[in-house]
Amino acid sequence: MKHKYLSFLILLTLILSATFVFAQSPITGIIKRADGAPVPRATVKIRGTNISVSADDKGAFSINSKQEAPFYLQVSSVGYKPQDFQVLKLQNTPLELTLVEDALLDQIVVTSRRRSEVLQDVPIAITVIGGQAAENAGAFNVNRLKELVPSVQLYASNARNTTLNIRGLGSTFGLTNDGIDPGVGFYVDGVYQARPAATSTDFLDIEQIEILRGPQGTLFGKNTTAGAFNITTTKPTQVPTAKAELSFGNYNFIQAKTSISGGLAKNLAAKLAISGTQRDGTIYNTREERKYSGQNNIGIKSQYYYTPSSKLQILLSGDVSIQHPAGYPLVIAGVTTTERSAYRQYAKIVSDLGYKQPVIDPFSRTINTNTPWKQNQSIGGASLNVDYKIGNGTLTSTSVWRFWNWDPTNDRDFSELSALTKSQGNSRHDQYSQEIRYAGNLTEKLSGVIGVFVLGQNLKGLNQTEEVGKDQWRFVQTAATGSQALYSTPGLLDGFGIKTNSTIKSLSAAVFAQVDWEFLNHLHILPGLRYTYDKKDVDYNRATYGGLQTSDAALLALKAAVYANQQFNISTDNNNLSGNITLSYRPTDKINAYGTFSTAYKPVGVNVGGLPTTSNGQADLSLAIVKPEYVEHYELGLKTKPVKGLIVNVTGFNTDIKDYQTNVQSPQLGVNRGYLANAEKVKVRGLEVDGSLQLERFLTVNAAVAYLDGKYVKFTNAPLPLEETGHTELINGVSTQVAFKDASGGRLPGISKWNVSGGAEFSTPGNLATKIGRYFIAADASYRSGYSSNPTPSKVLNVDGYSLLNARAGFKSEKISIFVWSRNIANKNYYEQLQAAAGNSGLYAGVLGDPRTYGTTLRYSF
C-alpha cells in the first residue's frame, strides 16, 4: 500500500513538473509588416489572460503561455490592425507573425457593392473616411463631413430642415417639405434611414464611412438619384474589448463616448455603445438673457451578433438618439428693398409699429426674439440582419423599423416684434422596410447583386402650428385706406393662427440587380436594372383659430386673407424602370478606367406645407402633386496608383434632370414653409480630382478639388427672388403684379463652383511615460466658393465663399491617445445659409457657421 502511495506521489510530481516545464517553455517570434520589415514595440498578449509582453525594436518577442495549446496570441501596434494568431502546438522555431497596416490607402476595403472589394477596383466615384479619422478631425456627425469631402453639401437650419446633397443634387434647398423623398440614400449597417434628421445624430462606434457619388439605384434598396452614404459600425467581438473617450472644449463643450464588447455565450457576442455631447450656445438672446445654438445629445446603440456557423451570421441592432439642444435660431442678416410700394417696405412697416430697426450685425451673434427656440427630437429603431453564405455569395435579409419624433418652436419674424411669433412643425414618423438580396461571385468572371426592397412610411403632422401676434396686421396691410385700414382693428390678428394635422402614407417597392462580367481579359461590363413602384396617400386638414372673434364679414375676409382653412385628400402613384451600364478596363492593379451611363428617378411628391390660394381664396389643388424627377447621368472615371503609396483619381460627369423638384418660397403666410414645384430641366456637370499620398507611417497627405456647374436649363415658372417681390408687368396693356419669372439659365442653389479640401498628418515614434506610440501633428483645410441661397437666383441671398482651417496635435499609442484640437482656427465669420423671412417684406436671416472651437480629447482602450 505504501509502495502504491509512493508511486502515485512520484507520478503526480512528474506530471506537475512536466506541466510546469511546459508552462514555462517560452514562445518566441518576430512581428513583421507585409513587406517583411520588423514592427518594433508591438504588444503580444495571450488571449483571455493578463499575460503580455512588448516586442523589442527588431520586432522580436518571447512570452510564457502558462497554458496548453491551442490558444491565441493577440498582437497589436498603433497604426496596424489588431490580429489574433492561433498557436496549435508549441515549437522551438520562432513564429513569424505579419500585421496589416491600418492606413494603407490603396488597400481600403468597401462594401458599397454589397460585397467586400478593394476601393480602387470599384468603378464608382467613392470617398472613404475611416471612423477613427472622422473622429480625429472632429467630424462626430455627418454635418462636419462636408469639410472633408468637397462634393458633399449639407445645409441645416435645424435637424428637420436639413439638405443633404452630393454634387448639388439630392434634396430641395431651404425649408424642408415632407412630401418628397431624398435623392441621397443614408444607410447605417445596411439600414436605410428615411428622415434627413438622421444626419444630425452623433456617430456611434463608426468603423467606416463610404460616400458614393452619382445614381446608385441598382445597388441599394431605396432609389438614390444623387449618391449614398454607406456607414458601417464595428461589430461585437467574442474577445472582451472596451474603449472610452472624453473631450473638453470651450463653450463648456463636453463629449463622452464609450463602448464595450464581449461574448455572452458560445457564438454570441454583444456590444453597447454610448455617446453624449453637450455644449453651450454660441448665439446670445439679449431679451431672454440666455444662449442658443448649443448641443445636448445622447445616443445609445446595442448589438447582438450570433454566429452559429461559418455560413450564418445574425446581427440584431437597436439604437436611440435624443437631442434637446438650446435651439438653432437664425440671425437677422439684412434688409433689402423690394419692388412693393414704399408702404410695404420693411423699414416703413417697423417704423409704423414704433419699432426701431436694430443695427444689423449678424456676427455679433446676438438676437432679441421673444419666442423661445426649441428643436427637440428623438430618433431610433431596431433592425435584424441575417447573412447566409450560399455558394460563392451571401443571401442577406434586413428587416427594419425606425421612428422619428420632432418637437420644435421657432420665432419666424426673427425679432422682438409680435408678428410671426410661432412656428411649430410637430411630426411623428414611422418606417418599416424589408430587403432581401443575394450578392457574390457567381463564376470566376461573373459577380453581382440582385434584391427586392419594400419600404412603408407613415408621417404625421401633429397639430402643426403657425401663429401671428399683435404686430402682424401692419405686415399684411397693403394700404391705410379702404378695407385694408381695418387691419388695424385692435386684436384682429392677436393669437390668430392655424393648426394642421396631416398624414402621408407612402409605399415604395423595388426589384434591382447589377452584375460585373469580365467578358474579355481585364475588360468588365456592368449592366444594372431597377423597377420601382411608389404610392402616396395624403390627408391634409388645416383649421384656423384665435384672433378677434367677430361676425363682421369685412373683418373675417381680412383674417381669411392671412390664414384660411384648407382640407384635401389626394392619392397618387407611379412606377419606373431605370438602370445603368458601366464599362471598366483594369489592365493592371494600378489602373481602373471606366465610363457609366445611368438613368434614375425620384418618386412623385406631394405638398403638405399649405397650398397657395387661387383668386377666389381656395387652395390651388393643381399644386398638390409634384411630378417625379427623371435623371440621365454620364460619367467617366480614372482610378490610378502611379507609385507605391500614391493614389490619384479623376472623375468627370454630366447629369440632366427633367422635372427637377424644387422648393418655392411664397409671400403668402399660409404657405410659410414654402411649397414644392417642378423646374422643367436642370443640368449639373463637373470635374473631381482627389488624391492621397502615404510615405511609410510618417506622412499622410490627401487633397481633393471639385468643380461643379449647376443651372436651370429651363425654369419658366420660378418664384420671384426676395428683391423682386411685388414686380409688375404689362399684360394686355394693364400693369399686373406677377409672382413668377423665367429663371432659365440661372444657377442652382447650394452649389459652389469650386470646392477644395486637403489635409496632412505627420507622425514620429516616441514614448509618453511608459507608453510606446507616435507623436503627431495634423491639419485639414477646406474652401467653398460663393453660392446661391435661394431657389431662384437673387442679388442678395448669396453666401460668400469661405475657408476653414482645423488642426490637432498629440500622442497616440495602442491603448491611449491624447491630443489637442481646434476647428475654424482663424475664427472665420461665415453663413451656411440665407433665407427670406416669411411674407417677403425685405427682411432676410442667416444660419451662422460655428466660431472657433478648441479642446482636448483623451482615448483609452482596454
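Biologist: Which residues lie nearest the centre of the second largest cavity?

Modeller: This is a predicted model, in which local features need pLDDT of at least 70 and side-chain atom pairs count only at pLDDT 80 or more, while totals for chains, interfaces and linings use all residues. Residues are numbered from 1 along each chain as its sequence is written, and side-chain values use heavy atoms, with hydrogens and water left out. A cavity is a set of points, on a 1 Å grid over the protein atoms alone, where a 1.4 Å probe fits but cannot get out, and lining residues have an atom within 4 Å of a point. Of the 27 residues that line the second largest cavity, those nearest its centre are Val-188, Gln-193, Lys-301, Asp-319 and Arg-402.

Biologist: Which strand gives the largest share of the lining of the second largest cavity?

Modeller: Strands here are DSSP runs (E, at least two residues), numbered from the N terminus. At least two lining residues come from each of S13 (184-188), S16 (227-233), S23 (312-323), S26 (374-390) and S27 (393-409). The largest share, five residues, comes from S26.

Biologist: Why does the largest cavity lie between domain 2 and domain 3?

Modeller: The domain bounds come from an automatic or database domain assignment. The largest cavity is lined by 39 residues, and Asn-143, Gln-295, Tyr-328, Glu-832 and Asp-850 are the closest to its centre. It lies between the two because residues of its lining come from both domain 2 (109-233) and domain 3 (241-850 + 857-861).

Biologist: What is the volume of the largest cavity?

Modeller: A volume is the space filled by probe spheres set on the grid points, which are joined across faces, edges and corners. By this rule there are 18 cavities of 30 Å³ or more. For the largest cavity the volume is about 720 Å³.

Biologist: Are the rings of Trp-373 and Phe-414 stacked or edge-to-face?

Modeller: Rings of Phe, Tyr and Trp (its six-membered ring) pair if their centres lie within 6.5 Å, and planes under 30 degrees apart count as stacked, over 60 as edge-to-face and the rest as tilted. The ring centres of Trp-373 and Phe-414 are 6.5 Å apart and their planes are at 15°, so the pair is stacked.

Terms used. 1 Å grid on protein atoms, 1.4 Å probe; cavity = no way out; pocket = protein on both sides within 12 Å on 5 of 7 lines; lining within 4 Å. Helix = DSSP H or I, 4+ residues; strand = E, 2+ residues; numbered from the N terminus.
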